[in-house]
Amino acid sequence: MCNPGIIHWEAAKRVLRYLRGKPSDGITYTRGLPGGNQLQVYADSDWASDRDSRRSTGGHCAILNGGSVSESCKKHMGVAHSSAEAEFIEACKAALQVVWLRRILAAFGHHQKGPTPLGEDNRACILMSEASGQKDRVKHIDLRVWSLKEKVAEGVVRLHAVATNYMPADIFTKALPQPAFERHRAVLQGLARPPPMLPVVPL
C-alpha cells in the first residue's frame, strides 16, 4: 500500500472491471431455512503465500439464513512454520468472530444452540483444537491463538472437516480457477447451499 507498483495497479483495475460487470450481484437471505438462524463458519489459510515475507493469507466467513453475514481476508502477522499452524491461526480468528456474532444474535433473541460449527479443511488443525495438553510440536505457536482451544472447551465452537475443493473461505486466500470461484461465490451470495461439515475421528 505504501509503495504500489504496476502489478498492484493492474490488480486494482481488474477488481474495478469485475465490479462494473456485476452491478446486480448481491447477497440473498432466505427465511424459514432449516437451522437458518444457526451460524455456520468456514476458515481457510494459504500457507506462506506471500513471496516476499512468506506470511500466510487467511480468510473466514460466517453464513446465516443462507447468505454471508461476515467475511475477513488478511495476511497473518507472523510466519507460520506449517500449513496446520497457518490454519490454526485463522481458525482462532474465526472463533473470536463467532463469539462476537453469537452475542449480537443473542441480543436479538436468536440464541445459538450448542457449539457453532467451524469448517476446516486441515485435519491436523482440527485435532490440535481438541487435543488436551500442549505438545512439543506446537509450543512455538503464539499464545494468543490458543484461545481457540478455550472456545472449543467452552462449547462455543466445534471444528468440523470440510472437503478442500468445497471450502468457501478458499475464495479469500488466493486466486482460483473460474469454476471454483463461481462455486464459492454462489455460497456466499446465498445462491447455493453451504458445503456439509463432517466430524473428524482421531486416529
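The questions below ask why parts of this predicted model are described as they are.

Residues are numbered from 1 along each chain as its sequence is written. In this predicted model local features need pLDDT of at least 70 and side-chain atom pairs count only at pLDDT 80 or more, while totals for chains, interfaces and linings use all residues, and side-chain values use heavy atoms, with hydrogens and water left out.

Q: Why are α2 and α3 called oblique to each other?
A: The axes of helix α2 (residues 83-107) and helix α3 (residues 123-130) come within 8 Å and cross at roughly 55°. Helices here are DSSP runs of H or I with at least four residues, strands are runs of E with at least two, and both are numbered from the N terminus. Axes are lines fitted to C-alpha atoms, for helices over the stretch in contact, and angles run from 0 to 180 degrees between N-to-C directions. Angles under 35 degrees count as roughly parallel, over 145 as roughly antiparallel, 65 to 115 as roughly perpendicular and the rest as oblique. α2 and α3 are therefore oblique.

Q: What kind of crossing does α2 make as it passes α3, left-handed or right-handed?
A: The crossing is right-handed. That label applies if the near helix is turned clockwise from the far one by less than a right angle, and left-handed applies if the turn is anticlockwise.

Q: Which residues make the contact of α2 with α3?
A: On α2 they are Ala84, Glu87, Phe88 and Ala91, and on α3 they are Ala124, Cys125, Met128 and Ser129. Contact means heavy atoms within 4.5 Å.

Q: How do the residues of this contact divide into nonpolar, polar and charged?
A: There are 6 nonpolar, 1 polar and 1 charged. Ala, Val, Leu, Ile, Met, Phe, Trp, Tyr, Cys and Pro count as nonpolar, Asp, Glu, Lys and Arg as charged, and the others, Gly among them, as polar.

Q: What makes a set of residues a nonpolar core?
A: The members are buried Ala, Val, Leu, Ile, Met, Phe, Trp, Tyr and Cys residues joined through side-chain atoms within 4.5 Å. Buried means under 20% relative accessible area, exposed means over 50%, and partly exposed lies in between (1.4 Å probe, protein chains only).

Q: Which residues of the largest nonpolar core touch the most other members?
A: In this core of 26 residues, they are Leu39, Val41, Phe88, Leu118, Leu148, Val157 and Leu159. Two or more residues each come from β1 (40-46), β2 (57-64), α2, α3, α4 (147-153) and β5 (157-161). The largest share, 10 residues, is from α2.

Q: What is leucine 39 in contact with, leaving aside neighbours within four places in sequence?
A: Its partners include Ala62, Ile63, Leu64, Val69, Leu101 and Leu105.

Q: Which residues of helix α5 are buried?
A: In α5 (residues 178-188), these are Ala180, His184, Arg185, Ala186, Val187 and Leu188. Their cover includes α1 (6-21), β2 and β3 (67-75).

Q: Why is arginine 193 called exposed?
A: Arginine 193 lies in the segment after α5. Its relative accessibility is 78%, so it counts as exposed. Its C-alpha is 16 Å from that of proline 179, which is 14 residues away in sequence.

Q: Why does leucine 33 count as partly exposed?
A: Leucine 33 sits in the loop between α1 and β1. At 36% relative accessibility, it therefore counts as partly exposed. Not counting residues up to four places away in sequence, leucine 33 touches Asn65 and Gly66.

Q: Why is leucine 96 called partly exposed?
A: Leucine 96 belongs to helix α2. Its relative accessible area is 46%, so it is partly exposed. Leucine 96 and valine 157 are 61 residues apart in sequence, and their C-alpha atoms are 9.7 Å apart in space.

Q: What is the phi of arginine 54?
A: Phi is near 60°, a positive value in a residue other than glycine. Most residues other than glycine have a negative phi. Arginine 54 is in the loop between β1 and β2, and it is called partly exposed because its relative accessible area is 43%.

Q: Where does asparagine 65 lie?
A: Asparagine 65 lies in the loop between β2 and β3. Its phi is also positive, near 55°.
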